[in-house]
Amino acid sequence: MTIKIAPSMLSADFANLERDLKKVEETGADLLHLDIMDGHFVPNITMGPDQVAQLRKTITIPFDVHLMISEPLKYIDQFADAGADIITVHMESENDIQACIDAIVAKGVKPGLVLSPDTPLSVLEPYLDQIDMILLMGVYPGFGGQSYIKESTEKIKACRKMINGRLIDLEVDGGVNFETIKEIVKAGANVIVSGSCLFKGDMKENMKRFRKIIQE
Ligand code: DX5
Ligand code: ZN
């Protein structure tokens with residue numbers, strides 16, 4: 001299985017986003033993971049659709065927009081218009097999940113669903129034939145640089161089984177580093193988000209190291 005790597009902009013220098021985006025592109029990343037936080041759904045604030053639209057002008061790789069906001073349904077059209085290629089919505093959000101999927105699809109964007117660490121896989125069942133991506137959090141959402149929750153590995157394995165051959169990307173976000181990536185990929189993830197580990201030091205070298213470990 002081809003493994004895609006999605007650097008998370010959360011670990012970029014927000015005063016030099018264009019510079020860091022160019023770096024992301026040069027490393028041959030497959031997707032750009034954009035963490036959208038509102039200070040309500042999670043205790044941190046990042047960016048809104050206007051910033052995403054500005055960033056869209058500087059880079060051509062697909063935008064994987066991870067919504068960690070209350071009432072995501074209200075903002076789906078704006079993030080789609082801003083240039084999102086994939087929009088993922090948390091199952092813990094208060095909005096109707098079917099309505100969120102329908103809104104994303106209506107904009108011609110790929111829909112995905114996210115599970116925080118304590119949310120069971122079973123909640124995904126009604127939507128499996130409608131989504132392009134499942135995002136499993138390896139940490140509690142809100143901040144970069146946290147440690148990977150070990151129990152996530154069994155959940156990844158079970159999720160890959162649940163996907164049962166469907167064309168759904170299984171993305172893992174949070175706590176990915178040179179020690180944890182191997183077991184995450186082995187468990188069945190095919191899209192790997194990395195923030196703090198990839199942005200620390202030489203991004204190109206870090207990307208090479210990730211790819212090497214994956215191939216071993
Ligand atoms: C956390 C975010 C992640 C974050 C991952 O809520 O969803 O995308 O940037 O950061 P690392 O890779 O440092 O755990
Ligand atoms: Zn994320």
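A residue counts as near a molecule if its C-beta atom, placed from the backbone, lies within 6 Å of it. In this predicted model, 22 residues surround ligand 1. The closest of them are S8, L10, G144, G195 and S196. Three elements, β2, β8 and α7, each give two or more residues to the shell around ligand 1. By residue class, the shell divides into seven nonpolar, 13 polar and two charged residues.

**The sheet**

The strands form an open sheet of eight, in the order β1-β8-β7-β6-β5-β4-β3-β2, with parallel pairing. At the edges are β1 (4-7) and β2 (32-37), each of which pairs on one side only. Neighbouring strands of the sheet are turned against each other by 25 degrees on average, direction ignored.

Within the sheet, β6 (residues 133-137) and β7 (residues 169-173) run parallel and are joined by five bridges. In this pair, M137 stands opposite D173 of β7. Helix α4 (residues 97-106) packs on the sheet, where it touches β4 (86-90) and β5 (110-115). The direction of α4 makes about 150 degrees with that of β5.

**Annotated positions**

An unreviewed UniProt entry places the feature "binding site" at S8, H66, G142, F143, G144, G145, D173, G174, G175, G195 and S196.

| Residue | Loop | Other C-beta atoms within 10 Å |
|---|---|---|
| G175 | between β7 and α6 (181-186) | 25 |
| G195 | between β8 (191-194) and α7 (196-199) | 24 |

Is G175 buried or exposed? A residue is buried if 20 or more other C-beta atoms lie within 10 Å of its own. G175 has 25 such atoms and is therefore buried. G195 is also buried, because 24 other C-beta atoms lie within 10 Å.

Which residues does G195 touch, not counting those up to four places away in sequence? They are S8, L10, S11 and G144.

The contacts of G175, leaving aside its neighbours within four places in sequence, are G138, V139, Q146, S147, Y148, I149 and T180.

Note on methods:
Residues numbered from 1 in each chain as written. Chains lettered and ligands numbered in written order. Predicted model: local features only at pLDDT ≥ 70, side-chain atom pairs only at ≥ 80, totals over all residues. Pairing = 2+ DSSP bridges. Helix = DSSP H or I, 4+ residues; strand = E, 2+ residues; numbered from the N terminus. Axes fitted to C-alpha atoms, helices over the stretch in contact; angles between N-to-C directions. Contact = placed C-beta atoms within 7 Å. UniProt positions renumbered as here; feature names shortened; annotations may be inferred. Buried ≥ 20, exposed ≤ 12 C-beta atoms within 10 Å, placed from the backbone. Nonpolar A, V, L, I, M, F, W, Y, C, P; charged D, E, K, R; others polar.
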